[in-house]
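Subject: The structure we talked about

Hi,

Here is the structure I promised to pass on. Have a look at it first, and then read my notes below.

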Amino acid sequence: MDQPKTFIIALAYQKELSDKGQVWQRSHSRIHTALLESLDAHGWSHIPWAAQDGWLLTESHWRGKGMMIKQGSKLWERPGAQGCLWSHMALWEHCVQLDEPIIVLEHDAVCLAEWNPHYEITHDVQKIAYKFTQTRPNKITGEWSPGSVGYSVTPRGAAKMLSWLGTVGAIES
């Protein structure tokens with residue numbers, strides 16, 4: 001199997017300091033240099049995917065998707081997590097439209113190996129951490145934390161996740 005389209009989710013904003021304090025300015029994507037260098041070193045093609053800034057989401061955005069975030073829930077109080085969910089949902093919708101499997105990477109993954117052309121995506125959603133490692137330090141141990149920094153998803157898997165979210169209607173975390 002050829003390497004599926006590989007999308008990197010990253011905010012297109014960065015916090016900048018000015019004489020007036022911290023300001024958000026539109027700038028280059030916040031994809032970590034280590035990810036881009038590692039993808040290039042291992043011959044991976046990749047497509048940046050603009051993440052949704054959760055601080056900009058409103059109740060009307062969620063209503064437009066037929067969903068609501070329960071007030072007072074953990075997700076309600078974490079706009080960053082809302083933006084993350086929104087960004088992944090947008091990629092799932094894109095996967096369904098493409099009608100082909102895709103790979104989704106977080107902006108701080110690091111690629112460890114080439115794409116194996118003999119690899120087949122056989123599960124609707126499958127973590128691909130064996131090819132990636134996370135670049136976030138563990139605050140307690142100081143070591144790099146393992147995590148789910150990438151996954152493959154089929155159109156069927158993407159449709160299932162979107163359907164489930166649509167069925168649940170009210171997201172409670």
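Helices (H or I, at least four residues) and strands (E, at least two) are DSSP runs, numbered from the N terminus. With that in hand, Ser38 falls in helix α1, residues 33-41. Before going further, please note that this is a predicted model, in which local features need pLDDT of at least 70 and side-chain atom pairs count only at pLDDT 80 or more, while totals for chains, interfaces and linings use all residues. Residues are numbered from 1 along each chain as its sequence is written, and side-chain values use heavy atoms, with hydrogens and water left out.

Back to Ser38: its relative accessibility is 8%, so it counts as buried (buried means under 20% relative accessible area, exposed over 50%, partly exposed in between, with a 1.4 Å probe and protein chains only). Leaving aside residues up to four places away in sequence, Ser38 touches Val110 and Cys111 (contact means heavy atoms within 4.5 Å).

Now the whole chain. It holds four helices and eleven strands, and 38% of its 173 residues count as buried. Among contacts with a separation of 6 or more, 67% are between residues 24 or more positions apart. The accessible surface is about 10,100 Å², and carbon and sulfur atoms account for 54% of that (Shrake-Rupley method with a 1.4 Å probe; for residues, only the protein chains shown count as cover).

Next, the sheet. Five strands make an open sheet in the order β4-β1-β6-β10-β8, with mixed pairing (two strands pair if DSSP finds at least two bridges between them). β4 (47-50) and β8 (125-127) are at the edges with a single partner strand each, so one side of each has no neighbour in the sheet. From one strand to the next, the twist averages 25 degrees (axes are lines fitted to C-alpha atoms, for helices over the stretch in contact, and angles run from 0 to 180 degrees between N-to-C directions). β6 and β10 run antiparallel and are joined by four bridges, and Ile103 stands opposite Ser152 in β10. Helix α3 packs on this sheet, where it touches β1, β4, β6 and β10, and its direction makes about 160 degrees with that of β1.

Gln82 counts as buried because its relative accessibility is 7%; beyond residues up to four places away in sequence, it touches Leu57, Trp62, Ile69, Leu75 and Trp76.

What follows α3? That is Asp99, whose phi is positive, near 60 degrees, although Asp99 is not a glycine. Most residues other than glycine have a negative phi. Asp99 lies in the loop between α3 and β6 (102-106) and counts as exposed because its relative accessibility is 60%.

Best wishes
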